[in-house]
Amino acid sequence: MEEHSAKENNDLTESSEVFGPVIDGTTLSYIEQGCTRIPEELGKWYGNQIKRLDLSFNQLRSVEGLEYFKDLEELILDSNQLDDTVTFPNLAQLHTLILNKNNIKDVDSLIAKIRKHLPGVTYISLLGNTACPNELSDSQKDEEDYQRYRYYVIFKLPQLKFLDSRPVSKQERIEAKRRGSYMRVAKPTTPNEEEKEEPPSPVSSQYTPLPTNSKEGYHKGSFGKCRYVYYGRHSEGNRFIRNNDL
């Protein structure tokens with residue numbers, strides 16, 4: 001039994017050297033590893049003891065593997081590649097979710113997932129995502145855009161105590177309850193091919209000088225040959241010209 005325990009401890013030490021996790025009590029930090037997914041070994045070896053997990057500055061495109069961290073209370077996922085396809089396992093104890101600087105655009109989709117799988121969350125930060133309309137995500141946005149977003153998120157998640165960079169105030173709760181449902185953030189859309197402007201139809205006669213509704217034989221002007229040649233003999237101006245002027 002002691003031999004087995006010693007072997008397990010040696011394996012954990014070796015795994016720390018391979019995967020680079022840093023453990024401090026109930027906190028596990030696994031940052032700047034360039035991983036696109038959560039290594040399964042982290043959950044299997046440390047999942048039962050970890051309450052705070054920091055996976056910042058990786059290339060995560062999913063959070064598959066979080067299901068091993070049943071007692072997780074804080075999850076930090078800053079600066080990854082998570083987008084609207086991200087799904088979460090049921091984590092009843094989680095109260096802090098940090099998602100700054102990812103690729104999340106649809107705040108409604110994220111809120112629905114939080115309400116279903118992370119019902120105890122009271123602290124959320126989405127700074128640097130398109131879903132959070134402030135100057136970090138769009139230079140065209142201003143404080144009014146951001147405040148409307150806050151009212152909407154607080155309305156949908158009334159248990160929130162902290163949103164992004166500041167706590168939820170009593171006045172914000174009142175305003176969110178009163179008009180938060182009307183503050184829905186519009187999602188950015190990409191026009192479909194059918195919606196793109198169609199090129200103008202070609203004109204049958206590109207160089208015709210006549211209007212398109214003209215009828216044949218009914219023109220105000222025309223070009224053609226004339227048999228009469230004008231020499232100017234009968235011009236009134238000729239009587240003022242002398243031979244020596246020619």
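## Starting from arginine 150

Setting aside neighbours within four places in sequence, arginine 150 is in contact with Leu163, Arg166, Pro167, Val168 and Glu172; contact here means heavy atoms within 4.5 Å. What you're looking at is a predicted model, so local features need pLDDT of at least 70 and side-chain atom pairs count only at pLDDT 80 or more, while totals for chains, interfaces and linings use all residues. Residues are numbered from 1 along each chain as its sequence is written, and side-chain values use heavy atoms, with hydrogens and water left out.

Arginine 150 sits in helix 4. Helices (H or I, at least four residues) and strands (E, at least two) are DSSP runs, numbered from the N terminus. Is this arginine buried or exposed? At 0% relative accessibility, arginine 150 counts as buried. The cut-offs are under 20% relative accessible area for buried and over 50% for exposed, with partly exposed in between (1.4 Å probe, protein chains only).

Now zoom out for a moment. The protein has five helices and eight strands, and along the sequence they run α-β-β-α-β-β-β-α-β-α-β-β-α. Of the 246 residues in the protein, 34% are buried. Take the contacts between residues at least 6 apart in sequence: 46% of them join residues at least 24 apart.

Back to helix 4, and to its partner. Two packed helices are described by the angle between their axes and the distance between the axes. Helix 4 (residues 143–156) packs against helix 5 (residues 170–179) at an angle of about 80°, and their axes are 8 Å apart. The axes are lines fitted to C-alpha atoms, for helices over the stretch in contact, and angles run from 0 to 180 degrees between N-to-C directions. Helix 4 and helix 5 are therefore roughly perpendicular to each other. For angles, under 35 degrees counts as roughly parallel, over 145 as roughly antiparallel, 65 to 115 as roughly perpendicular and the rest as oblique.

Which residues do the meeting? On the helix 4 side they are Gln147, Arg150, Tyr151, Ile154 and Phe155, and on the helix 5 side Glu172, Arg173, Glu175, Ala176 and Arg179. By type, this contact has four nonpolar residues, one polar and five charged. In that count Ala, Val, Leu, Ile, Met, Phe, Trp, Tyr, Cys and Pro are nonpolar, Asp, Glu, Lys and Arg are charged, and the others, Gly among them, are polar.

In soluble globular proteins, nonpolar side chains tend to be buried together. Here the largest nonpolar core has 45 residues, and Leu53, Leu72 and Leu99 have the most contacts inside it. A nonpolar core is a set of buried Ala, Val, Leu, Ile, Met, Phe, Trp, Tyr and Cys residues joined through side-chain atoms within 4.5 Å. The elements that give two or more residues to this core are helix 2 (40–46), helix 3 (107–117) and helix 4, with helix 4 giving the largest share, five residues. As for leucine 72, leave out neighbours within four places in sequence, and its contacts are Ile50, Lys51, Arg52, Leu53, Leu66, Leu91, Gln93 and Leu94.

Next, the cysteines. Cysteine 35 counts as buried because its relative accessibility is 12%, and cysteine 132 is buried too, at 0%. A search of the whole structure for disulfides (pairs of cysteine sulfur atoms within 2.5 Å) finds zero.

Helix 2 is also worth a visit. Lysine 44 lies in helix 2 and is exposed, with a relative accessible area of 52%. Its C-alpha atom is separated by 8.8 Å from that of phenylalanine 69, 25 residues apart along the chain. Glutamate 41 is in helix 2 as well, partly exposed at 30% relative accessibility.

Finally, a look at some backbone angles. Most residues other than glycine have a negative phi, and most peptide bonds are trans. Phenylalanine 57 has a positive phi of about 60° although it is not a glycine. Phenylalanine 57 lies in the loop between strand 3 (52–54) and strand 4 (74–76), and is partly exposed with a relative accessible area of 48%. Lysine 101 also has a positive phi, near 55°. Lysine 101 lies in the loop between strand 5 (96–98) and helix 3, and counts as exposed at 53% relative accessibility.
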